[in-house]
Every structure is written in C-alpha cells, then in structure tokens.
Amino acid sequence: MDFHFTPEEEAFRSEVRAFLDENLPAGANANAPAFLAEWTQKVRAKRWVGFSWPKEVGGGGASIMQQVILKEEMAKRKAPPLGTCFMGLAWVGPAIIQYGTPAQKQRFIPDILDGKYQWCTGYSEPASGSDLASLQCKCVREGDEYVVNGQKIWTSIAMWSKWIILLVRTGGLDSEGQAPGGAMRPASKHEGITCLLVPMDTKGITVRPIKNMSGGSMFAEVFFDAVRVPVENRLGEEGQGWQVTVSALAHERSSIAEVEGLRRKLEELKELARKSRKNGRAALEDDGIRRRIARFEAKIEGMRFNGMRALTKQLRGEPLGTRSGWRSLAALRALVARSRNRRRHTEHPEEHHRRARARPPEGLMSTEDRVQRIESLLREKLGATDVQVVDESHKHRGHAGAAGGGGHFRVTIASPRFAGLSLVQAQRLVYEALGEMMTHEIHALTITTRG
Amino acid sequence: MNFGFTEEQDLLRREVRKFLDAQCPLEEVRKLMETPDGFSRALWKQLGELGWLGLTIPEKQGGAGLGWVDLVVVLEEMGATLFPSPFLATTIAAAALREAGSDAQQARWLPSLADSSCIASLAFLEPSDRWDAAGVALAGRAQGKGVVLSGEKVQVLDAPSADLFVVAFRSGNAISLAVVERNAAGVTVEATPSIDQTRRVGRVRFENVAVAADAVLSEASEATLARVLDLATAAVTAEVLGAAGAALQITVNYAKQREQFGSPIGRFQGVKHPLAEMLVDVESAKSILYYAAWCLDERDPDAARAVSLAKAYASEAFARIGVDSVQLHGGVGYTWEYDPHLYLKRSKWARPAFGDSDFHYDRAISIGEQ
C-alpha cells in the first residue's frame with residue numbers, strides 16, 4: 001500500500017497545474033464563448049482531448065495514471081471540459097476506434113476530437129429502458145441500404161446533433177418476443193442488434209423535444225419513418241451491436257477523478273453552511289448540519305478510496321509506486337513462513353497432502369541444491385559457525401513435501417547472533433535468512449539453535 | 001500509487017483465516033463465550049508462538065516490527081469469526097507503551113506482551129464517557145518522584161483477564177499514562193456484564209494506587225495520547241469491518257439458499273437491495289480504513305481525520321448490518337441457534353467503543369476546519 005506517486009507522475013501533475021495557472025487564471029469567465037473556443041484549442045494542442053485514445057488516431061496515448069491525474073487536476077480547478085463533443089468523446093469515438101472501418105475512423109474521429117459537431121445516442125425506447133437489449137426499433141436490409149422504422153426516447157441533445165449512434169434490431173426477437181418469421185430462435189435477446197451511424201438530417205427522422213421539470217428541454221423523442229441508411233454506415237458486423245455498445249460504454253475506466261468534483265462541491269457546501277444561518281447562528285455550528293456534512297464527507301471518501309482500490313486492480317501489471325513497504329517485507333515474510341510452518345504440522349495429513357499437491361513443483365531446486373543453499377544462506381546471513389542440514393523428506397513420503405512441493409528439513413545451527421535471544425527470536429532470524437526459500441523450496445523446517 | 005495489499009499481506013490473511021477456521025470456528029466461539037474467562041488460554045499462547053501478538057511490537061522487543069496496515073489484515077479476520085481473545089486489548093496497550101514509553105520502559109514490558117505471558121489493556125474511558133483528553137479526570141497526585149492514582153475507568157477491554165493496565169491520568173493540566181499491575185495495592189477489577197458475550201469488558205477502580213516514577217510513561221503527552229487513541233480506533237474499526245463483512249456473507253449465503261414463493265429469497269429486490277447497500281457500506285468503510293492505517297504508518301497529517309471518518313462510517317454501517325442481517329433471516333434470525341445475533345451483539349458493543357459516529361463525525365469536521 002502506497003499513496004505516493006512516481007516522479008514521472010508528479011512531473012505530469014506539475015505540468016497540468018502549470019497549464020492551469022497560465023490558461024485558467026482566477027476570475028476568468030470560463031463560460032464566455034471566446035474563452036471556451038481558445039481553451040478548446042489549447043487543450044487540443046496538448047492532446048488532452050481523447051487523452052486515452054491511441055496516438056495514431058490523434059489521441060494522447062496516455063497511461064491510466066496520467067488520465068486520472070489530468071482529470072483530477074481539471075476537476076479540482078473546475079476547468080471547462082476537455083473537448084466539446086461529449087458523447088463522441090465518451091463512447092461513440094471509442095466504439096469507432098475499436099470496431100470502425102479505416103474509412104469510418106478517418107471520417108469521424110478527427111471531427112470528434114475537434115468538436116466540429118455533436119453526436120446523440122439512440123439507445124432507449126419507450127418499452128426498453130433499463131432492459132436495453134429488449135429494444136425493437138425495426139431494421140431491414142434492402143440492397144446496399146438499411147431501412148429503419150421505430151422510435152427512440154430520452155435522446156439527449158437530439159435537437160442539436162448532426163449524427164446519431166443508433167441501435168436497431170436486424171434479427172432476433174419480434175414484438176411478441178418471438179424470432180421473426182419462425183426463423184432460428186436467437187440464444188438471447190442480445191443477438192440481432194445492429195449499430196448504425198446516421199445523419200440526423202436524413203429524410204424520415206423527426207425530433208420532438210420533451211419539456212422537463214425545469215421548463216427547458218435537454219432530451220427528445222426521435223421517430224424513424226422508413227429512414228434509409230447506407231450499409232457503409234454500419235458500425236461493426238450485423239448483429240454485433242450489443243457487443244459494440246457494451247465495450248464502448250466500458251471504455252470509461254474509472255470514476256476516481258469524478259470524485260474530485262464531489263470533493264469540491266463538499267467544500268462549497270461547507271462554505272454555504274458557514275454563510276447561512278440557522279436558529280440564530282451559522283448553520284455550520286449546528287450539530288445536526290455538521291454531522292450531515294461529515295456523513296457526506298465519509299461517503300465521498302469511501303467512493304474515492306473504492307476508486308483507488310479498483311484502479312490498483314486495473315494497474316496490476318503496470319509498474320506501481322514502491323516507495324515504501326519493502327523495508328518490512330522480510331519481517332512479514334518471516335511471520336507468514338512461521339505461521340504456515342506451524343500450521344502444516346498441526347493439520348490433518350490428508351488435508352496437508354491435498355494442499356501441497358495443488359502447488360506446481362516446476363522450477364524448484366533439487367534436494368541437494370536446497371541443502372547447499374540453506375547452508376550457505378545461514379552461514380552468509382547469520383555468520384553461522386556450525387550448520388547441519390538434514391533432509392527428512394523421506395520420513396514424510398506419500399504426503400505433501402516429498403511428493404510435490406518443498407522438502408522437510410532439520411537444521412541445527414550455531415551462531416554468535418543467537419546470544420541472548422529467545423528461542424522464538426532466534427528461529428525468526430533463521431526464517432528471515434532463508435527468505436524466499438520458505439515460499440516454495442522448504443515445506444517444513446525443524447530448527448535447533450545454539451548460541 | 002498502489003492501494004492494494006501485497007502478496008505477503010494476502011498470505012498472512014490466509015494464514016490467519018486458516019488458523020481461525022481450524023482452531024476457533026463459530027461453534028468453538030459459542031463454547032468459549034460460556035466460560036468464565038471467555039477465551040482460550042491455549043489459543044492465546046499460540047498467538048504468541050505464531051508471532052501475531054508481536055506483530056506491531058518493535059523487533060528489539062521481541063516483535064516483528066510491522067505496521068498498522070499489516071495489523072488490519074489480522075484484525076479483519078479475527079473480527080470475521082468474532083474470535084474471543086485479549087488480542088485487541090493487548091495490541092492497543094502495546095501501542096501505548098511503544099508510543100509513550102522510553103526505551104527502558106518498552107524493554108521492560110513489551111517482550112512479555114509479544115510472547116503472550118502478559119495480557120494488557122489500555123484503561124482510558126471514564127464515567128464522563130468522553131474519548132478525548134478532556135474526558136480524563138482520574139487524578140495522579142505527586143508522591144516523591146512517582147504518583148498516586150485515584151479514580152475509575154469503565155469499559156476497559158478484557159479487564160477481567162488483564163495482568164497489566166496502561167492508565168490515562170491527569171495531574172493538573174497535564175495528561176499522562178502510567179503502567180499499573182493488576183495486583184497492585186488499591187486496584188479492584190469488576191467484570192461488567194456485556195451484551196456481547198464474545199467481548200469482555202470491566203470497570204477498574206484505583207484507590208490511592210502508588211506508581212513508581214519509572215512506571216509513568218516518560219513520553220506521554222496529549223499528542224501521543226491522541227495518536228494512541230487513533231491507533232486504537234483504527235484497530236477496533238478493522239475488527240468491526242471484518243465482523244460486518246462476515247455478517248453480510250452469512251446473510252448472502254442464507255438468501256441464496258432459503259426458498260420462498262418458489263425461488264431463493266435473494267432474487268427478490270426487497271432482499272437483494274439491502275444486501276447491495278450493505279456491501280457498498282462495508283467496502284467503502286474498508287477503503288477509508290485502509291487509507292487511515294496507511295496514514296498512521298506513515299505518520300501522515302491526514303491520519304486523525306481518516307481514522308474518525310472510518311470509525312464513524314463503520315459504526316453506523318455495522319449497526320445497520322447487524323439489524324438487517326437478523327431481519328433478512330426471518331424467524332430463524334431471532335433464534336439462539338443461528339449466528340446473526342452474535343454479530344448484532346458485537347455491533348452493539350462496537351458502536352460506542354472508542355467513540356461513536358456522532359463523536360467521530362464531529363471530530364472529522366472539526367479537523368477539516370483547522
């Protein structure tokens with residue numbers, strides 16, 4: 001466990017902070033169109049738009065940690081978004097990068113990065129909300145074209161979008177939940193879904209905004225009446241739409257940076273409670289208010305550290321920070337070896353046998369090599385004046401150690417280092433000296449020490 | 001950045017779990033909780049031999065010199081099986097000796113704590129029910145170079161079996177710690193009946209107990225005491241979350257196996273959703289606790305806030321999980337035979353122990369304002 005960052009990561013964080021100091025000075029009006037246009041150009045030049053995308057398509061080719069650091073720093077400073085084509089950057093782009101043809105990549109990816117226009121997302125239908133795979137928007141192929149008939153709903157920013165990423169049904173279930181025309185019944189409703197990329201100005205598309213509770217409109221109903229889409233606008237194979245969608249949505253790697261936004265909001269909430277009054281004094285002096293805010297803090301910290309745990313799992317395989325932790329490794333190893341050694345001798349033999357068999361013996365030393373290695377390690381690390389190592393594996397034939405894993409050894413050792421130590425302390429020194437051998441090479445050890 | 005346990009820590013966890021599964025499963029816990037001692041002396045001795053009692057005790061005092069992150073691993077497992085033993089009490093007392101004792105004082109007492117020959121406990125809480133320095137009223141009157149202690153401590157962990165107490169006392173404005181043997185003249189120990197039979201607590205009275213100068217911990221101050229309480233609170237929280245996770249697991253197992261209306265009850269949203277909420281709470285609190293333990297090991301200034309958030313969250317979560325676990329078991333949840341009540345009772349002990357949610361939420365937000 002280590003919360004320190006590597007020097008390279010710290011350097012990148014400094015770079016981001018310096019950029020923010022220069023380009024997002026305090027008091028800047030981050031909502032002004034002129035400011036936003038300039039900002040977008042600058043972050044694009046840094047390749048921070050599509051930061052996680054491969055460099056060959058124009059992205060930043062960033063590591064997971066770099067993405068996290070960039071997002072965190074941006075959130076802390078309440079920076080404007082990195083790029084303006086929100087759905088294009090979030091999942092349309094990743095889906096095209098993964099499943100698109102070279103022509104599709106060339107046609108759409110640069111525009112998404114540059115924020116030339118908006119994309120909207122045609123997933124939900126009136127009868128298919130959480131259960132998205134039950135969608136029924138009908139699509140039939142006619143020559144080089146698909147013909148789409150049906151309805152989508154809750155389509156955010158449909159009225160301002162130039163393109164829609166659309167999920168339609170080309171096979172599988174019909175409206176009664178049956179396979180069409182008595183054809184082969186699909187194994188699941190996830191089959192027979194196809195993904196299309198469709199210009200919103202195509203004939204037959206009608207957008208009807210839905211008025212929301214605030215009186216404004218962000219999402220809409222979208223109707224498709226014999227809408228013709230060239231086959232070249234299909235993303236992925238016919239019937240592969242579910243896979244395209246799921247892997248694109250999974251592209252968002254981690255929520256860790258979003259938590260920074262919540263942390264900032266918590267500070268704003270505290271500030272508000274400091275200024276507001278309740279029962280004649282600052283609201284933040286009220287016990288009830290204080291505890292509610294502290295509860296938010298605990299929930300947010302829980303999310304933050306859950307995110308870090310998940311991130312650590314993602315990063316396994318990538319180099320991890322190792323600034324601390326190693327110094328106590330030897331002591332911990334010795335403790336584990338001691339516990340394990342003890343347990344093995346108290347366990348039921350059959351149990352013992354099964355456990356050891358489960359561990360593959362490959363790559364282990366021969367018994368003679370082990371005896372020699374034990375002796376040299378003890379002489380070298382403990383300055384032992386006399387060491388006798390006896391292989392007793394034969395006494396345990398038929399069970400664990402002799403059969404597969406490490407061997408059973410009896411060690412008699414004399415060293416001036418044992419002077420004044422308790423038996424337990426002396427034995428611990430022996431385990432420490434043998435270090436890694438205790439993991440595989442040595443199955444059980446009987447130790448006699450002399451000062 | 002690496003927020004995971006090392007392979008060795010995972011191995012240690014497995015060893016502790018195997019040991020407890022083999023030596024002290026819940027059937028054994030039920031037997032032990034009916035005995036006067038409430039724990040097994042034989043297992044206690046083994047904890048010393050295994051080196052677990054010395055886990056966080058410095059190497060030169062016979063321990064392994066490991067940190068609180070390592071300890072969390074062991075305590076989560078002990079909490080999961082409600083392992084009854086003075087391990088927590090002795091580990092906390094050892095932390096007090098280590099933080100506040102001179103080298104000579106550490107050498108005098110710590111080896112006996114590491115090898116199981118001495119059961120020790122921190123005597124802190126008083127009838128004032130305050131888990132901070134201001135709550136300490138037990139008087140230490142100077143006598144020669146030593147002090148004479150008079151006062152009372154309550155909810156002292158494993159007081160009935162403890163051989164040694166580390167006692168917080170007040171001399172005027174100063175707070176300090178003294179080491180007092182159980183059989184010292186003027187010390188009386190009285191077991192306090194507890195709702196949780198797997199956890200023994202007691203009341204300790206000090207009537208003009210003379211303490212020699214060399215038994216007053218030389219480095220004790222309000223700051224070291226605060227750190228000792230943070231270490232203790234983190235340790236308790238680790239045990240709490242191990243227990244909460246186990247209560248959840250028992251309930252999930254039951255929900256998968258118990259059928260009603262022709263289906264396992266775990267398929268019903270009324271059962272599924274509370275279980276999911278429990279999981280989120282346990283994992284979130286664990287995440288905060290792991291961070292807190294790391295901060296304590298690194299002496300990071302964020303430690304106190306993190307410890308308080310973890311304990312506050314864990315106290316509330318375990319209290320809810322204890323009740324929900326009984327509830328979701330239906331009728332059998334109210335029986336002696338099934339295990340949920342054991343965890344519910346532990347949650348009742350755990351909620352106020354080393355500060356309840358209100359105390360720790362108040363503390364966390366106050367630290368944030370500094």
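Let's start inside the protein: by class, 2 nonpolar, 3 polar and 4 charged residues line the largest cavity. Ala, Val, Leu, Ile, Met, Phe, Trp, Tyr, Cys and Pro count as nonpolar, Asp, Glu, Lys and Arg as charged, and the others, Gly among them, as polar.

Some ground rules. This is a predicted model, where local features need pLDDT of at least 70, side-chain atom pairs count only at pLDDT 80 or more, and totals for chains, interfaces and linings use all residues. Residues are numbered from 1 along each chain as its sequence is written, chains are lettered from A and ligands numbered from 1 in the order written, and side-chain values use heavy atoms, leaving out hydrogens and water.

Back to that cavity. Its volume is about 50 Å³. A cavity here is a set of points, on a 1 Å grid over the protein atoms alone, where a 1.4 Å probe fits but cannot get out; lining residues have an atom within 4 Å of a point. Points are joined across faces, edges and corners, and the volume is the space filled by probe spheres set on them.

Where does the largest cavity lie? Domain 1 (7-114) and domain 2 (120-215) of chain B both give residues to the lining, so it lies between them. Those bounds come from an automatic or database domain assignment. Among the lining residues are Asp37(B), Asp158(B), Arg199(B) and Arg200(B).

The count is 2 cavities of 30 Å³ or more. Helix H9 (329-346) and strand S13 (442-450) of chain A each give two or more residues. H9(A) gives the most, 4 residues. Helices (H or I, at least four residues) and strands (E, at least two) are DSSP runs, numbered from the N terminus.

Next, the second largest pocket, at about 740 Å³. A pocket is an open set with protein on both sides within 12 Å along at least five of seven lines. Of its 30 lining residues, the closest to the centre are Arg13(B), Arg17(B), Glu76(B), Glu283(B) and Lys286(B). H7(B) has the largest share of the lining, 7 residues.

Last, the interface. Chains A and B bury about 4,700 Å² between them, 56% of it on carbon and sulfur atoms. Buried area is the accessible area (1.4 Å probe) that two parts lose on being put together, summed over both. Across the interface there are 9 salt bridges, meaning a side-chain nitrogen of Lys or Arg within 4 Å of a carboxyl oxygen of Asp or Glu. Asp362(B) forms a salt bridge with Arg291(A), closest N and O atoms 2.7 Å apart.
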